[in-house]
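Dear colleague,

Please find below the structure that I am handing over to you. My findings follow it.

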Amino acid sequence: MSKLPSIQNVLKATKKTVLRFPLEIVISITGTVVAIILNELEYDDHNQKYYVKALMSSSLCLVLFLSVSLYFISSKKNALLRYVISVILGGFIAVFVFNFHERFTEVEIQQFFVLNIALHLLVSFAGFIPKAYNQEEFWEFNKQLFLRILTSILYSGVLYCGLALAILAITELFNVDFYNNIYAHVFFVIAGIFNTIFFLNGVPDIKNDEVSLVLNYPKGLKNFTKYVLLPLISLYLGILICYETKIIITLSLPVGWVSYLVLVFAICGILSFLLVHPIANETGNLWMRTFNRWFYFLLIPLLGLLFWAILYRINLYGFTHERYYVLLLSVWLTIVVAYFLIQKHPKIKFIPISLCLAGLFSIVGPQSADSVSKYSQLSRFETYMQNPENKKLTFEEEKDLSSIVSFLKKNYGAEIMVPYSENKLTTLLKKKNKPFDNEIMEALGYQYRSSYDTKEDTKNYFGYYFYEKNGQTVENIHGFDMSFILSKSDSFNCKNCIKIDNINYSIKSVEKNYGTDLQINQDIIPLKIVDFVKTNSDFKDDNRRITQVIDAKKYLVLLTYLNVSGTYEKNKMILGHYQIKVMIKIKK
């Protein structure tokens, strides 16, 4: 009689899974160890970024290795070749992730997310690439994978809660002090190792060409799809078609976020289509059969609405990563609709294969979301910088330029705008490594407008922005000994910054109610900027060069106003920001 059969069965199943998917188990253990080490690091540890990237690489490699394994197991090819290819492709994944910035940008997070989705889609069809395609087997394989994911999450969640409560009970009842991070480490082990092995143990075997997976359609899934999902999809469809009819009748433009509504509907509809596909044509399923027959026809007018909305936005504001993906999904949906309408016997594997390729298409290269969006916004930025004779921009144009500046700075840094800005940003970037959006706009000679600003708000603001094209003008500074930029938002403090006639000069600015006190060595020169701005009507003309002369005992100071902005409160002018070029002559 065998002892402890349940444990023996668990060990036997675990051994079988490890032998079947060795690289997947190794990379899951590696990721778990990395997560535990990362959890133990101090917040400011400089090695943290490497462990985060290693963890991200491990998560991607796990899905990639599973896809490669399914392909090679199905094709019955040499196992050594399977491991070599997995390691090589895993190396490319690691190089890709480790090239991310120390602080991930939104673009890099987006690339990681899209690659993750593409690799998960690859798992759904990788095992069917080298073998004869069977529609029912493909559907059953992915159904079992999906249910196994849900079961793995359930088992892992219950196991973690049970162990966490056990640790808590031991701590409270027996006064046993565990180390601080034990709960996190237990979670990492269960999520990284137990969950992975449990899931891999349930991955269906499709290497046998003679014995296919037998379709087993759950009754609960049929009822859910028939009585819950399809009615909701139909309601959603009716709302969108009514909205499209309204647009046609009123000849109005679609709102921007209608694109997302159509995409959500289409993707949910395709999911419903996949769920009902095996039983859609059975007798007694009239509602499902009708949906299966007419779904793609009903998508055609919605695709027109989708393209109208997104192309209109792109024409006005250029590409961003979000608009790129909306357009890409629109094209993908169009191809899927055309395929299922034209093909007499369409294969449902076309959906994950085409979507996976679309995702990979968008990640790297000149056609990627990042490249297209970057060059689109740079082109629009260059158009604004080619503004003839420094023509004043309208409120909407300044708002548009502000959004371009914010997009470029957030994703690529302010440096990328320097070649297009005629040296207007050079001084700012020398002074401040990471300037704010409003500072960039002011350096360009315009006022920053946030996406929430309205034209009515401008009545409470005033602004003066004067900039010369530094690359095309030469300024005569004869008679002056030193020059620098003074800004309200950033105090000036330079110790022994210049030596003239064997005398070292230190310069410091201190903000005052009337403007600024300029201290040169021990001498203090009051710069009464506020009164000068309030009493000078020339600040209403951006094309006028405005200067102020201060004649002190030892120095002659020439102020050239570059930009000034502020607000009106109860008919009083409140100075908010200024940037001034200061030129100083030392009296002999």
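Predicted model: local features only at pLDDT ≥ 70, side-chain atom pairs only at ≥ 80, totals over all residues.

Residues are numbered from 1 along each chain as its sequence is written, and side-chain values use heavy atoms, with hydrogens and water left out.

The count of disulfides (pairs of cysteine sulfur atoms within 2.5 Å) is zero. For Cys61, the closest cysteine sulfur is that of Cys356, 16 Å away and therefore too far for a bond. Cys268 has its closest cysteine sulfur in Cys242, at 19 Å, also too far for a bond. Cys61 is buried at 5% relative accessibility, whereas Cys268 is partly exposed at 31%; buried means under 20% relative accessible area, exposed over 50% and partly exposed in between, with a 1.4 Å probe and protein chains only.

Strands (E, at least two residues) and helices (H or I, at least four) are DSSP runs, numbered from the N terminus. Strand S7 (residues 547-551) has Gln548 and Ile550 on its covered face, and Thr547, Val549 and Asp551 on its uncovered one. S7 runs antiparallel to strand S8 (residues 555-569), joined by five bridges; strands pair if DSSP finds at least two bridges between them. The two form a hairpin with three residues between them, and Asp551 stands opposite Leu556 in S8.

Helix H14 (395-412) is one of the helices that supply at least two residues of the lining of the second largest pocket.

Yours sincerely
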